[in-house]
Amino acid sequence: MCGIVGYVGSREVVPLLMDGLRRLEYRGYDSAGVVVIQDGGLETCKAEGKLDRLKEKLAGQPLYGRYGLGHTRWATHGPPSERNAHPMVDSKGRVALIHNGIIENFLPLKKRLIAEGWTFKSDTDTEVVANLVSSYLDDGGSRHSLRDAVTRACRELEGMYAFAAVSTTLIAAAGQDADQEIVAARQGPPLVLGLGAPGSREQFLASDPSALLVHTKDVIFLENGDIALLTPDGVEIRNRQGEDVQRPVQRLTWDPIQAEKGGYKHFMLKEIHEQTQAVQDTFAGRVDFERSEILFDTVKLSEDELRRVERIHLLACGTSWHSALIGKFLIEELARIPVEVDYGSEYRYRKPIVDSRVLAVGISQSGETADTLSAMEAARDGGAHLFAVCNVQGSQATRISDGVIYTHAGPEIGVASTKAFTTQLVALYLLALYLRQLRFGHVERHYLNDLAHLPQAVNDVILKQEPRMEELARRYFRAENFLYLGRGINYPIALEGALKLKEISYIHAEGYPAGEMKHGPIALIDRDMPVVSIATGHDTVFEKAKSNLQEVKARDGVVIALTDRDPEELGGVCDEIIEVPSVSPLLQPIVNVIPLQLLAYFTGVRRGADVDQPRNLAKSVTVE
Ligand code: M6R
């Protein structure tokens, strides 16, 4: 939620900020704005709506400068509008500030500042921070640096925030713009510093490393409570206690090209296609096919500690929660350890039973989802060991965990998760096999062979189903409701198919365990209701799925069956058949979800929706 970007150096800043915002736009697209320091004054340009509106405005009102900040907003306090767009400038025009998060005590602070004579033009909590910081620049008759003013302001802020500020007072004092500086603070949402090449005299700041990749791969993730000062000569970080601290510099391995559309119309389609490679990259190097062994080198717990684990809690939100539901099947079947699955947002409020025999695994593409992080922290506070299944190097989930299984999906830009999901499933399969290896001393070779065959099956299903799903979308894009049915390990795929359709096309869709249809949803079925039934798998499950198809047809519903069996076996009741290759039952969900991703994509495109940036959503949900 909300994208933050900043630059100090010698290059013209606005093109840099706009490029960064373009890469961060998936984090929020209600409004956008930039601030530069021009002739000793703060110059802002803001626009409601997507970044292109800001671009148009800047074309008619160019801004020039060598340092500044940019922001894309996902609205929390105050509706999307230019008035509420960031950067926010304080009422004395000395501080400009961009912010991601929620200041919980903004109302009492606002009242106090109003009483002191500060004025407000927006509905945002951010403007409160801008005025508060400004109030400390010359508090008590003496002048303070921007860093000191931010430090004092932070002591009063309650809530979760990442913000960055620039100020004009330094320039006024020095009479030139030699004192370029940005001050940034983090308490909750992510903030990453990008280090310019040695001698380049430039530094960068962003809420997500994907905005920095084209400039640098050397980054520092700020910790909670950190306040950073960026000048062309370097970065200085102080912790919550005001002590100078050195945070580790991490080298990103992502290729900047991965964050481009690469000829595809949308990131979502590109990312669906990248699944063949991403799936393979996620198990490559972690499986010794010769010795039939799983190798994990990013686990800090000893094998003995892991052997003592008696229960596993899988914690996640959204699509990652669907991965968790499948993870339960994988771990219980392969490692025979009982698994509980929770929404991040529910876990800590339900007083879960946690102790040192629990391994809690946070599953998150971004590693920054506030609900998942809170749940992970609650588990850790209860004594659990903590693992993360995560896609973003150095993100908060990875930093608080005793073990990390990275999903090597590369940057996922489309708001709808696709390759992050399938690679999470591969990572959870590996985790389940690893636990099996620890508990039972071995992993049977056929489990690994199944994995080795998976990329080919993924590739086949993408190539075969892309034109077919475009055709189905053309036929059914006008439907206002869809039902998805699945059983067992494929029930979460029904949920995921429905979530993808909702997010991308705004069609109401529900996923149900197929056996539950007769307990309620069957009342909804009529000739306008397409029902997508996942009919893959072994005989009993398949026979039950066939009965569901009959029940839908008997009520005139549109039957769309996804199957790995001979279509003849479906009894001639299907309006449409989606054929998928057969793989091992534990990996079949990875293959099954792909046509459903494509169906959602093409349906969204047909309905004219913005599939990469669906309304009201943001890629990383960093507020609770
Ligand atoms: O980054 P995370 O995996 O923690 O994100 C969790 C959800 O917000 C995310 O999966 C969301 O549901 C996606 N938009 C689904 O496509």
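Okay, some ground rules. Residues are numbered from 1 along each chain as its sequence is written, and side-chain values use heavy atoms, with hydrogens and water left out. Since we're looking at a prediction, local features need pLDDT of at least 70 and side-chain atom pairs count only at pLDDT 80 or more, while totals for chains, interfaces and linings use all residues.

Let's start with a sheet. Helices (H or I, at least four residues) and strands (E, at least two) are DSSP runs, numbered from the N terminus. Two strands pair if DSSP finds at least two bridges between them. Seven strands build an open, antiparallel sheet, and the order is β5-β6-β7-β8-β12-β13-β14. At the edges sit β5 (88-89) and β14 (244-245), each pairing on one side only.

Inside that sheet, look at β6 (residues 95-103) and β7 (residues 159-167): they run antiparallel and are joined by nine bridges.

Touching, or contact, means heavy atoms within 4.5 Å.

Now jump along to β25 (residues 530-535). How many of its six residues are buried? Six of the six, where buried means under 20% relative accessible area, exposed over 50%, and partly exposed in between, with a 1.4 Å probe and protein chains only. Both faces are covered, with P530, V532 and I534 on one side and V531, S533 and A535 on the other.

β25 has parallel partners. Three bridges join it to β23 (residues 481-486), where L485 is paired with S533. Six bridges join β25 to β26 (residues 558-563), also in the parallel sense, and there V531 stands opposite V559.

On to the core. A nonpolar core is a set of buried Ala, Val, Leu, Ile, Met, Phe, Trp, Tyr and Cys residues joined through side-chain atoms within 4.5 Å. The largest one here has 92 residues, and L306, I312, I331, F482 and Y484 touch the most other members. Helix α14 (residues 419-440) gives the most to this core, with 13 residues. Take F482: leaving out residues up to four places away in sequence, its contacts include M529, P530 and V532.

Last stop, helix packing. The axes of α15 (445-476) and α18 (588-606) come within 8 Å and cross at roughly 30°. Angles under 35 degrees count as roughly parallel, over 145 as roughly antiparallel, 65 to 115 as roughly perpendicular and the rest as oblique, and α15 and α18 are therefore roughly parallel. Among the contact residues are L454 and V458 of α15 and L598 and L599 of α18.

Then there's α8 (residues 275-283), whose buried residues include V279 and F283. α8 packs with α15 at about 170°, with the axes 8 Å apart, which makes α8 roughly antiparallel to α15. L454 and V458 of α15 turn up in this contact as well. After α8 comes G285, with a positive phi near 80°.

Definitions and conventions:
Axes are lines fitted to C-alpha atoms, for helices over the stretch in contact, and angles run from 0 to 180 degrees between N-to-C directions.
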